[in-house]
Amino acid sequence: MIIIEAAYFIAFCFFTIFSLSGLGQILVHKLNKNFFESIFYGFIVAAFFITLIHFFLKISVYLSLIILSAGFLIGLKSFFLNIKLKKKLLIYLLIFLVLIPIYISQKYHEDFGYYHLPYIINLINEKIIFGLANVNRAFVHNSIWINIQSIFYFKDNFNYVSVPTFIIYSLFVIYSVDRIVIKKESNISGYFLIVSIFYLILKFTRISEFGNDIPSIIFSILSIYNFLRFNEEKEIGVKKKKFYNNFAFTLFAILIKFSSIPIILLTLHLFFKNYKILIQDIFRFHYIFIYLICLSFFLQQFIYTGCLVFPSKLSCFDVSWFNEY
């Protein structure tokens with residue numbers, strides 16, 4: 001029985017990985033053909049779809065499967081065309097299997113039953129509700145990561161809601177090993193990844209116990225890594241790619257957890273220092289997509305609380321569902 005459950009879990013993880021990779025293809029432009037970065041972008045695309053759809057529909061199991069299946073078909077096709085990736089597959093698989101005990105040994109943190117699970121249940125049972133924060137004060141401070149987790153709640157079974165956190169954790173470790181060991185990056189950004197891996201493995205020995213901290217920290221690390229890579233690169237086209245990575249991962253980290261907001265200073269520094277080579281790109285499709293996900297998230301926040309960023313009263317509006325708490 002345990003073996004069957006383990007096999008089902010591993011199969012589901014790989015299904016999800018390919019699904020996210022496929023969804024990420026929407027934002028993977030010509031200079032960005034890295035399989036792992038496609039998965040990181042897949043989280044962003046999935047979050048956008050779920051947040052947007054929830055304005056009109058509840059997030060049912062069937063809707064979740066449609067989104068994941070569509071991404072899976074695209075991701076599987078991309079994988080078979082990636083010869084270099086298939087050659088390293090055994091190494092990646094071994095690392096992934098070694099990390100599975102971190103998921104098995106998890107215990108849910110104290111906020112899970114108070115905030116995360118009720119919020120997920122609301123997403124799958126009802127379309128968006130005006131003034132939802134008045135029902136539970138915990139809903140005042142939202143996280144876009146929980147929108148993603150709602151995809152993995154299956155008919156009163158919440159055992160898989162931590163799968164996206166485990167995947168971003170394990171895929172970041174594999175991505176870092178790929179950069180450091182296989183591609184042998186020996187520059188400052190490579191050393192930064194080494195330190196980051198040790199930090200994550202030593203601090204986060206369980207997944208669910210830390211709530212939204214893990215994904216927020218990982219996307220923040222990815223943002224800083226691309227900040228360093230931008231300064232290491234000489235080619236303008238590659239610099240533009242690294243800036244976009246930094247820009248997208250920074251904003252997504254903030255949407256997961258507002259405490260990540262200081263890292264936006266690095267993005268602003270890059271932009272204003274390199275204004276002439278970046279200004280024309282910020283109006284292209286892949287940038288507009290990031291603007292839209294931010295807009296949809298803050299609109300969701302407004303509908304829940306009457307504020308764009310609670311508890312800042314400067315962002316609050318005098319609407320009937322606003323409550324100063």
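The following questions and answers go through a predicted model of one protein.

Biologist: How are residues numbered, and which pLDDT values apply?
Modeller: Residues are numbered from 1 along each chain as its sequence is written, and side-chain values use heavy atoms, with hydrogens and water left out. In this predicted model, totals for chains, interfaces and linings use all residues, local features need pLDDT of at least 70, and side-chain atom pairs count only at pLDDT 80 or more.

Biologist: How many helices and strands does the protein have?
Modeller: Helices (H or I, at least four residues) and strands (E, at least two) are DSSP runs, numbered from the N terminus. The count is 14 helices and zero strands.

Biologist: What percentage of the residues is buried?
Modeller: Buried means under 20% relative accessible area, with a 1.4 Å probe and protein chains only. The protein has 325 residues, and the buried share is 55%.

Biologist: Is Thr16 buried or exposed?
Modeller: Thr16 belongs to helix α1, residues 2–24. Leaving out residues up to four places away in sequence, Thr16 touches Phe152, Val163 and Ile167; a contact means heavy atoms within 4.5 Å. Exposed would require over 50% relative accessible area. The value for Thr16 is 0%, so Thr16 is buried.

Biologist: Which backbone oxygen does the side chain of Thr16 reach?
Modeller: The distance is 2.9 Å. The backbone oxygen reached by the side chain of Thr16 is that of Phe12.

Biologist: How is helix α11 oriented to helix α12, roughly parallel or roughly antiparallel?
Modeller: The axes of α11 (residues 236–256) and α12 (residues 264–273) come within 9 Å and cross at roughly 150 degrees. Axes are lines fitted to C-alpha atoms, for helices over the stretch in contact, and angles run from 0 to 180 degrees between N-to-C directions. Angles under 35 degrees count as roughly parallel, over 145 as roughly antiparallel, 65 to 115 as roughly perpendicular and the rest as oblique. The crossing angle therefore makes α11 and α12 roughly antiparallel.

Biologist: Which residues of α12 meet α11?
Modeller: On the α11 side, the residues include Phe243, Phe247 and Ile254. On the α12 side, they are Ile264, Thr267, Leu270 and Phe271.

Biologist: How is helix α2 oriented to α11, oblique or roughly parallel?
Modeller: Residues of α2, among them Phe40, Tyr41 and Ile44, meet residues of α11, including Tyr244, Ala248 and Phe252. The axes of α2 (residues 35–53) and α11 come within 11 Å and cross at roughly 45 degrees. The orientation of α2 to α11 is therefore oblique.

Terms used: A polar contact is a pair of N or O atoms within 3.5 Å; within protein, one must be able to donate a hydrogen and the other to accept it, and residues adjacent in sequence count only if both atoms are side-chain atoms.
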